[in-house]
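Take a first walk through this structure, one stop at a time. Keep the sequence beside the 3D view as you read.

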Amino acid sequence: MKKMLNLSSNPHIRDSVTTAEIMRDVVIAMIPTALYGIIQWGVNAALVVLLTVACAVLSEYAYEKFMKMQITIGDWSAAVTGLILALNCPPDIPVWIPCVGSVFAIIVIKMLYGGLGKNWMNPALGARCFLLISFAGKMTSFTPIGADAMSGATPLAYMKNGGDMANVNLMNLFLGRIPGTIGEVSKLCLLIGALYLIVKKVISPKIPCIYIGTVALFTLLFGGHGFDLYYLASEILGGGLIFGAFFMATDYVTSPITPNGQVVYAVILGIMTGLFRLFGGSAEGVSYAIILTNILVPVINLKTIPRAFGREGDK
Amino acid sequence: MNKYIERIYNGIVKENPTFILMLGMCPTLATTTSATNAIGMGLSTTAVLMFSNMLISGLRNIIPNRVRLPGEIVVIASLVTIVQLLMQAYTPAIYESLGIYIPLIVVNCIILGRAEAYALFNTPVISFCDGLGMGIGFTFSLTVLGAVRELIGAGSIFGFQIIPSDYTIGIFVLAPGAFIVLAFLSAIQNKLKLPSATNGGQEVPEFVTSGDVMGAFNQKEAPASEIKKEA
């Protein structure tokens with residue numbers, strides 16, 4: 001009886017799921033692709049992953065200790081940030097660079113704005129762009145796998161520079177036998193992780209599907225290859241689109257909460273990614289597209305508030 | 001004599017234009033890519049500030065009140081042109097790297113701010129000292145900002161390499177670095193409870209036309225509280 005008359009402020013719908021469980025699921029979902037990267041590239045990739053995660057967790061702990069706040073490293077969100085950042089780095093990068101990035105992600109992008117739930121930009125991606133601007137050379141030099149026709153350049157860069165499409169092997173793109181960052185190359189492992197998240201209902205497939213669909217449509221319209229499914233598939237599987245769409249665009253904090261807003265968000269993401277990839281200076285544009293669209297999220301939320309039940313029209 | 005030194009001290013410490021009044025943020029962010037650039041910008045602004053304050057103070061009874069802004073701008077613009085030509089002749093390297101920001105000193109809000117707030121009500125000599133103090137304060141702040149950005153971003157201070165270039169974080173000499181460093185310096189200042197327009201420790205003068213939102217709020221509330229006190 002006492003429980004039934006519980007007076008409280010919103011949210012009124014309660015669930016036993018905690019932040020820690022959700023974040024742990026995200027970490028679990030990224031393990032296949034992280035393992036693939038580590039097996040593929042060896043010790044340095046493993047060090048990057050481990051130290052970046054450690055740095056992220058430690059810097060959150062240190063900041064909260066220093067500011068005499070509640071310690072929140074138990075919610076796994078710092079680990080997720082660190083892991084995403086590590087998976088976004090090239091395998092042969094000097095280990096200290098992603099570590100600097102993860103301190104920046106946690107302290108500047110997340111904690112200074114008030115911690116988890118208050119950051120307006122995806123911390124891992126913000127830090128990645130920070131590193132990309134600071135260490136442009138080191139962040140974009142990728143280790144080739146085997147004797148490949150496209151060795152050294154990612155498939156996206158290869159295609160952007162007008163490389164021969166005959167050298168682009170879709171199977172290699174899908175399985176991850178291509179140069180790229182530690183975690184973005186194996187689409188198979190990424191999709192296994194994404195499936196896990198969808199089955200566990202951690203993410204909804206709505207944003208990723210609309211996002212990828214918009215990129216496909218944009219590439220089809222403006223790619224300059226006509227209706228070429230082979231090229232289209234290479235654009236979607238090459239680079240970090242799958243990784244970004246399922247693991248970064250769906251971040252709870254930095255994506256809209258309204259149903260229509262999520263559609264708008266995903267479409268804008270797709271258009272931005274397409275613009276950056278096809279008309280921008282560099283071959284890949286997923287990171288910039290996501291963090292720039294993150295800025296629009298409050299506006300999108302505001303403009304797409306659903307009509308309350310029982311109310312007519314606007315306001 | 002003492003009041004002249006007081007003006008200089010006021011400009012450097014008590015009403016430091018960058019860190020306390022939060023004025024002139026555009027050149028502060030744009031020209032502090034290195035300590036040398038920062039000093040160049042600071043000193044050229046100081047030169048303009050001293051003489052514009054002195055001249056406007058001297059002309060304050062001649063310029064009709066209705067056209068005082070155009071009058072002040074004419075004085076400031078002439079001085080900036082002189083400084084620009086002198087720099088082009090004698091310090092071509094700094095002139096090149098500061099580029100458009102030298103002519104933009106004309107619209108620097110510190111200069112117009114001091115003219116409007118101080119030179120119009122005071123005698124030429126003390127206005128000159130006020131300009132000198134403000135200028136030194138501006139130069140000092142810019143140099144601190146420039147040195148921090150140069151150290152982290154390029155690994156050097158005044159061009160002397162301290163950190164090997166492999167270990168520098170390039171973003172700090174670019175635009176985002178300016179915002180990050182300025183924000184951190186202001187945060188440290190707030191943490192130490194030093195007076196500033198953003199932490200309520202400094203009374204915001206009515207004339208302040210900075211982009212500082214908190215300052216604008218303080219300004220709105222200030223008269224109400226004064227009325228209360230009087231009542």
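Predicted model: local features only at pLDDT ≥ 70, side-chain atom pairs only at ≥ 80, totals over all residues.

Start with helix 5 of chain A, residues 123-134. This helix has 12 residues. From its first C-alpha to its last it reaches 16 Å, close to the 16 Å expected at 1.5 Å a residue. Look at its beginning. There, a side-chain oxygen of A:Asn122 comes within 3.2 Å of the backbone nitrogen of A:Ala124.

Is helix 5 of chain A enclosed by the rest of the structure or open? It is largely enclosed, because 11 of its 12 residues are buried. Buried here means under 20% relative accessible area. The buried residues include A:Pro123, A:Gly126, A:Arg128, A:Phe130 and A:Ser134. A:Leu125, A:Leu131 and A:Leu132 are also among them.

Which helices do these buried residues pack against? The partners in chain A are helix 3 (77-87), helix 4 (96-110), helix 6 (136-139), helix 12 (241-248) and helix 14 (286-303).

Now move to the surface of chain A. A nonpolar patch is found there, formed by A:Leu217, A:Leu221, A:Phe222, A:Val263, A:Val267, A:Ile271, A:Leu275 and A:Phe279. Together these residues have about 710 Å² of accessible area. Helix 10 (206-222) and helix 13 (259-279) each supply at least two residues of the patch. Helix 13 of chain A gives the most, with 5 residues.

An α-helix has 3.6 residues a turn, so residues three or four places apart point the same way.

Pick out A:Val263, which sits in helix 13 of chain A.

Along the sequence the pattern runs α-α-α-α-α-α-α-β-β-α-α. Of the 231 residues in chain B, 44% are buried. The chain exposes about 11,800 Å², and carbon and sulfur atoms supply 69% of that area.

How do contacts in chain B span the sequence? Take those between residues at least 6 apart: 69% join residues at least 24 apart.

Finish at helix 7 of chain B, residues 124-154. This helix has 31 residues. It reaches 42 Å from first C-alpha to last, close to the 45 Å expected at 1.5 Å a residue. Just after helix 7 comes B:Gly155, with a positive phi of about 75°.

Technical notes. Residues numbered from 1 in each chain as written. Chains lettered and ligands numbered in written order. Heavy atoms only, no water. Patch = residues over 30% accessible without salt bridge, like charges linked within 9 Å, V, L, I, M, F, W, Y side chains within 5 Å. Areas by Shrake-Rupley, 256 points an atom, 1.4 Å probe, with all protein chains shown as cover. Salt bridge = Lys/Arg side-chain N within 4 Å of Asp/Glu carboxyl O. Helix = DSSP H or I, 4+ residues; strand = E, 2+ residues; numbered from the N terminus. Expected span 1.5 Å × (residues − 1). Buried < 20%, exposed > 50% of the residue type's maximum accessible area, 1.4 Å probe, protein only. Contact = heavy atoms within 4.5 Å. Polar contact = N/O pair within 3.5 Å; in protein donor to acceptor, adjacent residues only side chain to side chain.
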